[in-house]
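Morning, everyone. I will go through one structure, starting with a helix and then moving to some aromatic rings. Please have a look at the sequence and the model first.

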Amino acid sequence: MSSTRFDPILLHRKHFVDEISCLDEIFDFLDEWPEDKRGLAYDTLLKACRDAANGRFPLSAARENFRRFLKMSGVLAKVEGGPKFDGLMNHQIGNA
């Protein structure tokens with residue numbers, strides 16, 4: 001099986017933004033998804049992720065399906081224009 005890691009997808013949790021960056025994390029997320037909100041989209045995504053884990057479906061397509069599922073569910077996060085902590089930290093460390 002090839003690597004199951006991918007570029008992170010950000011999503012809203014109750015009071016914070018979370019990051020999903022591998023198939024295992026998608027499976028954990030789907031396992032926690034409320035049963036009364038599961039339907040065809042959920043089942044299709046779960047099958048795509050299982051197939052990706054077994055090498056029968058492209059990981060990039062499973063990631064994109066997950067992103068679309070989050071968007072459709074209203075929990076996809078877009079973080080834009082926030083502070084650039086990497087540069088800030090490097091600057092402060094360099095001047096210490």
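**What covers helix α3**

Let me start with the cover: β1 (5–12), β2 (17–22), α1 (23–32) and α2 (40–53) are among the elements covering the buried residues of α3. Contact here means heavy atoms within 4.5 Å. Helices (H or I, at least four residues) and strands (E, at least two) are DSSP runs, numbered from the N terminus.

A word on the source: this is a predicted model, where local features need pLDDT of at least 70 and side-chain atom pairs count only at pLDDT 80 or more, while totals for chains, interfaces and linings use all residues. Residues are numbered from 1 along each chain as its sequence is written, and side-chain values use heavy atoms, with hydrogens and water left out.

Now the helix. α3 runs over residues 59–73, which is 15 residues, and spans 21 Å from its first C-alpha to its last, close to the expected 21 Å. That expected span is 1.5 Å times one less than the number of residues.

Which residues of α3 are buried? They are L59, A62, F66, F69 and L70. They sit on the same side of α3, because they cover an arc of only 95 degrees around the axis; the arc is taken from the directions from the helix axis to the C-beta atoms. On the other side of α3, S60, R68, K71 and M72 are exposed. Buried means under 20% relative accessible area, exposed over 50%, and partly exposed in between, with a 1.4 Å probe and protein chains only. After α3 comes G74, with a positive phi near 80 degrees.

**The rings**

A search of the whole structure gives 3 aromatic pairs. Rings of Phe, Tyr and Trp (its six-membered ring) pair if their centres lie within 6.5 Å; planes under 30 degrees apart are stacked, over 60 edge-to-face, and the rest tilted.

F29 and W33 make a tilted pair, 5.4 Å centre to centre with 40 degrees between the planes. Both F29 and W33 are buried. W33 also pairs with F69, edge-to-face, at 5.2 Å centre to centre and 65 degrees between the planes. This pair links distant parts of the chain: W33 is in the loop between α1 and α2, F69 is in helix α3, and they are 36 residues apart.

Taken together, ring pairs link F29, W33, F66 and F69 into a cluster.
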